Amino acid sequence: MDDQNNKINNLHFKDVPMVMVYSPNQEFLQEGSFVEFENESLVSPESLSIKKQSFHDPVCRSLSSCGSENCSTTYMVMGNSVAESIKIVVFSAKINLLIPFGPLAIVVDKFSGHNGWVFILSLLGIIPLAERLGYTTEQLACYTGPTVGGLLNATFGNATELIICVYALRNGMIRVVQQSLLGSILSNMLLVLGCAFFAGGLVNSKREQVFNKGAATMSSGLLLMAVMGLLFPAVLHSTHTELHFGRSELSLSRFTSCIMLVAYAGYLVFQLKSQSNLYHSVNEGNGEIDVPLDDNEEAPEISKWESIIWLSILTIWISIISEYLVDAIEGASLKMHIPVAFISVILLPIVGNAAEHAGAVMFAMKDKLDISLGVAIGSSTQIAMFGIPFCVVVGWIMGRPMDLNFQLFETATLFITVLVVAFMVQEGTSNYFKGLMLVLCYVIVAASFFVHIDPSAIADKYLKPSS
C-alpha cells in the first residue's frame, strides 16, 4: 500500500493534455479553466494549481497562434440546436440591430432606385455582417492548427473589402477598387491605430504602454515593400518612359503582384513556423507563453461545423449586399455631391472595418497593445501584400486592366503614412499624444480626398465647377 501511495503522490499530470466537452448550456469548474496537477500529492491542497486557458485568449486571436498546438486544453463544443445557434450568432450582439438595413437597401433599390439611400442603407447593413464574419472566423480558427488558423484570419480578416473589390472589378470600376484598398490601409494605420493609442493612453495615463516592436518593425518593412511595388508603376506612367505604352505598366504590375504574393506567403511561414517566438511574450524560465488572462473569457460558443455553415451564409449575404453597394456608388456621389475618391478611400473602409476598429480600441484600453497592433498594422499588411496583388491577379483572370498604378496623389499619401507610422512604433511605446497625432493625420488625409477630383472617375466629371 505504501508503494502504491508513493506512486500516486509522485504522479505528474502537468504535461498530459486534457480534453473537456463543453456545451453552451453547461458549466465546468470555472468557464475556460482546468485544474493542473503537479507533483507531491493528488489530494494535498498545496499541490493543486489552477491555470486558465481560453480560446478567446489574445494568443488565439493572433495570426500565428490559433489552434490546439498553443492551447493546453482542447475544447470539443457540442452542437447547438438551430435555434440556439441563431441566438448565439444573430441575437447576441447589439450591433446586429443594423442587419435589417441590408434587406431594406434591396427593397429601396427595387422600388425607388434612389442610389443615395441604397448606398447609405447598404453601408449600414454591411457593418454587422463584417463583425459576425470576424466572429465566426475566430470560432472556426479555435478548432484548426496554427497554420490553417493563420490562413483563415488572413483570408477572412479582410473578406468584406475583397468581396466589394471583386464586384467593383466585375463592373469595370478599377479606380474604386484601388482607392478602397488604399483607404483600408490608411484607416487602419492612422485612424484605428491612432484611436487605440489615444484611448489606451487615456485609460493608462500613469505610464507609457509598451508593445512588441519587433513585430511592428517587420510589418512596417512589408508595408514599405508594398509602397515600392505601387511607386514604380505610378512613376513609370507619369514620366512616360514605358517601353511599350499602355502594356509595360500593366505587365510590371502583374509581375510585381506575383512577387508580393510570394513575399506574403514567406511572411506567413516566417511568422507561423520559423520565428513564431518573435510575436509572443515568453517567460525565460520555463519557455511558456505568457498570456494575460481575463476572468470573463469563455470557451468557443459554436461547434466547428456551425462555424463553417455560418461563415458560408455570411459570405454569401455580404456578397449580395456588396453588389448593391457597388452599383450605387457613382449615383450616390452625384446625389450627395461627394467625390467618388472620398467615398472609396474614407467611407467604405471605415464602415467595412467598423467592428475591427472597436475591437482594437477595447484591447488597447485593456493594455493589450500587441493585439491592437495586430488588428491595425497587421490588417494593413494583409491588404497591402495580399489584398492588392490578389485583386490584380483576379482582374487579370477577368480580363480587366487592374494594375498597381494608384496615381501619384494616392501613392504619395500611402508613402507618407507608412513613414509616419514607422516612426511612431519604432520605440515600442505609445501614449495618448501619439494617438492624437495619428488621428489628426487621418483628418488631414480625409480632407485632402474630399477636395480631390479623380480625373478617371466618371461621376467626378459632373462635380467639377463650370468655368
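1. Exposed means over 50% relative accessible area, buried means under 20%, and partly exposed is in between (1.4 Å probe, protein chains only). With a relative accessibility of 61%, histidine 337 therefore counts as exposed. This is a predicted model: local features need pLDDT of at least 70, side-chain atom pairs count only at pLDDT 80 or more, and totals for chains, interfaces and linings use all residues. Residues are numbered from 1 along each chain as its sequence is written, and side-chain values use heavy atoms, with hydrogens and water left out.

2. Here is the overall picture. The protein chain contains 17 helices and six strands, taken as DSSP runs numbered from the N terminus (helices H or I, at least four residues; strands E, at least two). Of its 467 residues, 49% are buried. The accessible surface comes to about 21900 Å², and carbon and sulfur atoms hold 64% of that surface; the area is a Shrake-Rupley value with a 1.4 Å probe. Now take the contacts (heavy atoms within 4.5 Å). Among those between residues at least 6 apart in sequence, 79% join residues at least 24 apart.

3. Which residues bring H4 and H11 together? First, the geometry: helix H4 (residues 101-111) packs against helix H11 (residues 304-327) at an angle of about 40°, and their axes are 10 Å apart. The pair is therefore oblique, a word for angles that are not under 35 degrees (roughly parallel), over 145 (roughly antiparallel) or 65 to 115 (roughly perpendicular). Axes are lines fitted to C-alpha atoms, for helices over the stretch in contact, and angles run from 0 to 180 degrees between N-to-C directions. On the H4 side the contact uses Gly102, Pro103, Ile106, Asp109 and Lys110, and on the H11 side Trp317, Ile320, Ile321 and Tyr324. Sorted by class, these are six nonpolar, one polar and two charged residues. Nonpolar covers Ala, Val, Leu, Ile, Met, Phe, Trp, Tyr, Cys and Pro, charged covers Asp, Glu, Lys and Arg, and the others, Gly among them, are polar.

4. Another helix pair to look at is H5 with H7. The axes of helix H5 (residues 115-141) and helix H7 (residues 159-170) come within 9 Å and cross at roughly 125°, which means that H5 is oblique to H7. Ile126, Ala130 and Leu133 of H5 touch Ala159, Thr160 and Ile164 of H7. By class, this contact has five nonpolar residues, one polar and no charged.

5. A gap of 160 residues along the chain separates methionine 225 from methionine 385, yet their C-alpha atoms are 8.4 Å apart. Leaving aside neighbours within four places in sequence, methionine 225 contacts Ile259, Ala263 and Met385.

6. Is lysine 434 buried or exposed? At 11% relative accessibility, this lysine counts as buried. It sits in helix H17 (residues 432-450). Beyond neighbours within four places in sequence, lysine 434 is in contact with Phe197, Met424, Glu427 and Thr429.

7. After H12 comes histidine 337, with a positive phi near 55°. That histidine lies in the loop between helix H12 (329-336) and helix H13 (340-352).

8. A backbone check to finish. Most residues other than glycine have a negative phi. Aspartate 367 has a positive phi of about 65° although it is not a glycine. Its place is the loop between helix H14 (354-365) and helix H15 (369-398). With a relative accessible area of 29%, aspartate 367 is partly exposed.
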